[in-house]
Amino acid sequence: MNLYDDVKFIKGVGPKFEEKLNKCGIFNALDLLLYFPRDYDYIEDNMSIESIDENEKIILTCRVCGIGKTYRTNTRKLLSQIIFTYNDVTVVGKWFNSPYVVKSFKDNETYNLLGKFKRIGNRIEVINPQIVNKECVTRNIVPIYPLKGDLTSKSISKIINNVFNEISIEENLPAKILKKYNLCSLEDAIKEIHFPSSKVSLQRSIQRLKFQELFNYSMKLLILKDKFKHNNSGIAFKISDELALLKEKLPFTLTKAQSKVVREILIDEKKHVPMNRLVQGDVGSGKTIVAIIAMFNVYKNGYQSVMMAPTEILAMQHYEEVKKILSPFDVDIELLTGSTSAKEKKRIKEKIRLDMPVIVVGTHAVIQEDVVFGKLGMAVTDEQHRFGVQQRNRITSSNNKADVLVMTATPIPRTLALYLYSDLDISIIDELPPGRKRIITEYFREQSRDDAYKKVHSELQGGRQAYIVCPLIEEDTDKKLNSVESLYNELSQGILSNFKVEIMHGKLKPKEKDEIITRFKNKEIDVLISTTVIEVGVNVPNASCMVIENSERFGLAQLHQLRGRVGRGKYQSYCFLIANIKSKTTQRRMEIMTESTDGFYISEQDFKLRGTGEMFGFRQHGDSGLLLADFIEDIDILKAAFKEAGVLLSSEAEEIKKLCMSLEKSLVKSSRFICFN
Ligand SMILES: Nc1ncnc2c1ncn2[C@@H]1O[C@H](COP(=O)(O)OP(=O)(O)OP(=O)(O)O)[C@@H](O)[C@H]1O
């Protein structure tokens, strides 16, 4: 059997099983091998009390010494308790909503309980433990796979084992690198991640695979960089005389930083080498106008431009801004999103196919689907939190000549930007437009959240508007986190009852969201309670205050992005962070937010706090295509992998050229970062 064979050829996979695997995105043997466990149960037998780690599942043989009554908790759950002893220590077993479970236990009998045991004072607690027959536990580390439908981790393990019986995996890193970094072979790494033999070897296999991903990531970046450098087929645009007029007609004067970045872009536009530039600017620093000027010049040269935004709201907003800024000029501008009617889409696509100049604003997805540009001169992509090389390559590969401008508001620590964006030239807008007042940020513990809302009330009375952000849409059963719905009920009938309060969240249709934002912009809504869907780019200058509930749940970069929705006009703005502060790190994170409104400072501090087990704003697995590695946590591996990729690429060895070729192919073909030759 071969790695690219369909899963149906794997022993033990029938048509029904195949369908289930397909639903998990597993189509061939390779997909299956790269379907890594999301977690593991570490099953240890009879440990000493002192060495219990509450994050690991263990088996303790406990004797029943008391069966408690089942009763309802404050949150309306049924709680049943049984008291055990283990080596003379009291163990409290708790089961929620399973009153029948108590019937399984008899007084004074012993049972093998499997679960996560937690020490609380001088006793131990375990929630929903299972009774196990020790003989059935064959492994100490049991993989838990991300599952859909009625698939089980056991069934996946079984067929992975069958694949290993039939194939072997070739090594694809040079022996020199393996030795230098003490990495295990690729085959061992993949075997270990599915069937760990010990914690140490599991860690070693994860390290190897992380190295692999980051090495491939670096190779791809460096190959792209090289490709750009040697691509002389770009369009050398002239600088239009009308640019001066455009600058005169702008509703404001560009900041020094904006002017500098515009100059850098125009110099690129004049060159024969296609532009590949990243504009990094803090929230509200005015990146859009810079892109508009760049696209205007391309238009005046008779070419098309496309501006891609991550959400419909943002695409709409950009479209309006482009139309407004370019209204004194005769420029053809189109909006293309998922909500555009089929008839309109057809008309716009037909128009774009011609070689007439036009500026198209839209969402990434729609524009990348099946739109063919007749005369593309520039692609602007609002990358937000994406670091996907894949995505960048897709834009360039559709048209090798077009200039590419990537905009991001994610302040990335400089050390990291060097690696993540090494294929791009970087421009930074490090200045806010004049007249902006510093956003006053305060944090409140849960107990004093009313104080925050009193302040919101007074802002609203002054004619301003407010955002309230929370992590959930609907109420959660534990009532630990605030939801849009519960806050709406609480606030619209309570302290904010005199104001027009509305809600917004990701489950609404794009059209509904647009409509809400438009009404908020038109001041028909005073308070918008929302999930983080408002995080990206929404621009309502009259909104001067924001409350972020459960702030401890958000990464610093995300809090900074959210806060950037206020302070966009002439009014003094406020951000109130309500947090459940249980650790020093959470407190420190809140302090960082109150100390500074500089995205770069915040991201550096976030970077320093890494490894604390708290959430970060940069967890990018999905967007970057990385399965295991994390750019922030694994920065040291990234550095090493980047260095080795550079050394390899500059060497002349035949095998390296072959590797590069296969990587280059995979740039277009495969979204998997682990590449098998
Ligand atoms: N030089 C300037 N002087 C005054 N206002 C400006 C200037 N440049 C931009 N603006 C205004 O500032 C606001 C924010 O600009 P813009 O939306 O481009 O920011 P951004 O950098 O894209 O921020 P975000 O990443 O948060 O979306 C807009 O209302 C814009 O018209």
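What share of contacts in the protein between residues at least 6 apart in sequence join residues at least 24 apart? I looked it up: 71% do. A contact here means that two C-beta atoms, placed from the backbone, lie within 7 Å.

I noted the ground rules next. Residues are numbered from 1 along each chain as its sequence is written. This is a predicted model, in which local features need pLDDT of at least 70, side-chain atom pairs count only at pLDDT 80 or more, and totals for chains, interfaces and linings use all residues.

**Whole protein.** I found 23 helices and 23 strands. Both are DSSP runs numbered from the N terminus: helices are H or I, at least four residues, and strands are E, at least two. Of the 677 residues, 40% are buried. Buried means 20 or more other C-beta atoms within 10 Å of the residue's own, with C-beta atoms placed from the backbone.

**Strands.** I followed β6 (residues 89-96). It pairs with β5 (residues 78-86) in the antiparallel sense over eight bridges. Pairing takes at least two DSSP bridges. I82 stands opposite G93 in β6. Two residues lie between the strands of this hairpin, and N87 takes a positive phi near 45°. β6 also pairs with β8 (residues 123-127), in the parallel sense, over four bridges. There, V92 stands opposite E125 in β8.

**Ligand.** Which residues come nearest to the ligand? I listed F252, G286, T288, A409 and P433, out of 18 around it. A residue counts as near if its C-beta atom, placed from the backbone, lies within 6 Å. Helix α9 (residues 287-300) gives the largest share of the shell, three residues.

Key: Buried ≥ 20, exposed ≤ 12 C-beta atoms within 10 Å, placed from the backbone.
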